[in-house]
Amino acid sequence: MTFYWSKNVTILIDSWRTDSWLSYVLSLVACIVASVFYQYLENRRIRLKLLAGKASPAAAEIQVPLLRRKLVAGGKVRVGGAVLFGLSSAIGYLLMLAVMSFNGGVFVAIVVGLAFGHFIFRSEGEEGSVVVDSSCACA
């Protein structure tokens with residue numbers, strides 16, 4: 001397989017085919033938006049993890065492990081983090097599959113969207129010290 005440059009491309013499913021320049025450009029815009037949204041979700045997930053770490057330090061939970069309020073609050077944060085992780089992983093894998101259409105325009109659109117989304121949402125510096133445990137290649 002090699003990259004090709006054409007307005008005729010099938011992205012993800014058989015019904016998402018482009019046959020005109022308008023449908024091709026709209027599909028590239030959709031890829032850019034999905035890539036930016038992926039970076040936004042990753043930003044929200046990391047911020048949730050940071051806020052959970054600041055709100056309930058591990059030492060306090062170890063000292064008083066039977067407080068139900070902390071356990072319930074921690075459970076909600078874990079569920080929210082899991083939902084965000086699942087959603088961002090699904091979008092990341094769909095972006096990877098879109099790149100596997102081997103269309104050069106789709107590849108460039110996704111890379112531009114990821115870079116733009118990273119610039120807007122993830123280059124603030126606060127979460128720079130957090131190790132991201134993402135299984136997705138797009139992270």
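The model is predicted: local features need pLDDT of at least 70, side-chain atom pairs count only at pLDDT 80 or more, and totals for chains, interfaces and linings use all residues. Residues are numbered from 1 along each chain as its sequence is written, and side-chain values use heavy atoms, with hydrogens and water left out.

**Salt bridges**

- There are two salt bridges, a salt bridge being a side-chain nitrogen of Lys or Arg within 4 Å of a carboxyl oxygen of Asp or Glu.
- R45 and E42 form a salt bridge with an N to O distance of 3.0 Å.
- R45 and E42 lie three residues apart in helix 1 (residues 21–55), so about one helical turn separates them; helices are DSSP runs of H or I with at least four residues, strands are runs of E with at least two, and both are numbered from the N terminus.
- Both R45 and E42 are buried (buried means under 20% relative accessible area, exposed over 50%, and partly exposed in between, with a 1.4 Å probe and protein chains only).
- D14 and R17 are joined by a salt bridge in which the closest N and O atoms are 3.7 Å apart.
- Both D14 and R17 are exposed.

- L12 is not a glycine, yet its phi is positive, at about 70 degrees.
- L12 sits in the loop between strand 1 (9–10) and strand 2 (17–18).
- L12 counts as partly exposed because its relative accessibility is 40%.
- F102, also not a glycine, has a positive phi of about 65 degrees.
- The loop between helix 3 (68–99) and helix 4 (104–122) contains F102.
- F102 has a relative accessible area of 21%, and is therefore partly exposed.
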